[in-house]
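This report is for a reader meeting the structure for the first time.

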Amino acid sequence: MNYTTWEQRVRKVEPYTPGEQPKTDKVIKLNTNENPFSPSPMVEKVIKEYNEDALRLYPDTRAGLLVDALAKRYGVDSDQVFVGVGSDDVISQTFLTFFNSDKEILFPDITYSFYDVWAELYRIPYRTVPLKDDFTINPDDYKCDNGGIIIPNPNAPTGVLESLDTIEEILKANPTSVVVIDEAYIDFGGTSCLPLIDKYENLLVVQTFSKSRSMAGMRIGFAIGSKKLIKYLSDVKFSVNSYTMNPLSIIGGAAAVEDEEYFQKTTQEIINTREYSKKRLTELGFTFPDSMSNFIFASHKKVPAKEIFTKLKEQGIYVRYWDKPRINNHLRITIGTKENMDKVFEKLAEIV
Ligand code: PMP
């Protein structure tokens, strides 16, 4: 390319569009899959007690307290854990580290809409693999020679969970590619593929504190995998920016991981409300793929999703809608408190 101005040289990309973030005292916010409960009370406690020097000094580049807490919780060695500023940061570093411009990577055609943005940004060729009509994946479609694969499990925005057998089938067929399983929503009743990391050196499992641990604002995500994968990931991260994890996220995150009881209690409550919501939505004439996440991807038999989305918004209820092929008649509704969900069903009953 023969550039003559600085502007021609700019790395141009169509950015990711995040969901709206209105103030929650004004609306019922069910559009970005946040958790309706507060973080563990231990998080607030450790942050309040924290020595002010922590803010004056540079943070621990290793985020040791957090990494060690995660290693203990998930039964792995500390050098099998990588932390980042939300799982967005972790996955973006993954793309940068493991995927290259000369080999194609694969992901589902209906999936987290950041993947194609990173692929474009880092000049990684990609192919989207169509989901089946019921929004499940066909493992036979995932064959990649020395490239990469990324699949969220459960998938977003569908909420559909794939079995460990399906994930393992993909791993068996792809020994020369790094396989990333994005488990942002795994804690809401799914089975994590973490036990497979001992068997597959090329498997990286990514999770987040934004959903099941109610800490989206703290920005903490992590990856667990073989020591080799984590070393490569860390080397790239330390070559970009070593001080990414702020001290409050490090101590707050560690405190949250250690409060297993609170984590179990709040995730179970969301699961219960999700199952209740499935029943209510069905009664109202909605259909949806069975969700194992903290949201439901619903469409109505008679009323178009866009119309429902607009009317709910007018009533101060925010859900997510995408004007994209195959999903433009669906709404993704985050599971909030039971009280808020009842308000949503009340409004929906007036609309549909
Ligand atoms: N993966 C998936 C599938 C998601 O839906 C999200 C949330 N938008 C993320 C990753 C990123 O979450 P966070 O950066 O807050 O950890």
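## Ligand shell

Helix α5 (residues 86–98) supplies the largest share of the shell around the ligand, three residues. Helices (H or I, at least four residues) and strands (E, at least two) are DSSP runs, numbered from the N terminus. The model is predicted: local features need pLDDT of at least 70, side-chain atom pairs count only at pLDDT 80 or more, and totals for chains, interfaces and linings use all residues. Residues are numbered from 1 along each chain as its sequence is written.

Around the ligand are Gly86, Ser87, Asp88, Tyr112, Pro152, Ala156, Asp182, Ala184, Thr208, Ser210, Ala216 and Gly221. A residue is near a molecule if its C-beta atom, placed from the backbone, lies within 6 Å of it.

## Lys211

The unreviewed UniProt entry places the feature "modified residue: N6-(pyridoxal phosphate)lysine" at Lys211. UniProt positions are given in the numbering used here, feature names are shortened, and annotations may be inferred rather than shown by experiment.

Lys211 lies in the loop between β7 (203–208) and β8 (221–225). Lys211 counts as buried because 25 other C-beta atoms are within 10 Å; the term requires 20 or more, with C-beta atoms placed from the backbone. Leaving out residues up to four places away in sequence, Lys211 touches Asn33, Asn35, Ala184, Tyr185 and Asn294. Contact means that the C-beta atoms, placed from the backbone, lie within 7 Å.

## Thr97

Thr97 belongs to helix α5. Thr97 is buried, with 20 other C-beta atoms within 10 Å. Its contacts, not counting residues up to four places away in sequence, are Tyr232, Leu233 and Val236.

Methods:
A residue is buried if 20 or more other C-beta atoms lie within 10 Å of its own, exposed if 12 or fewer, and partly exposed in between; C-beta atoms are placed from the backbone. Two residues are in contact if their C-beta atoms, placed from the backbone, lie within 7 Å.
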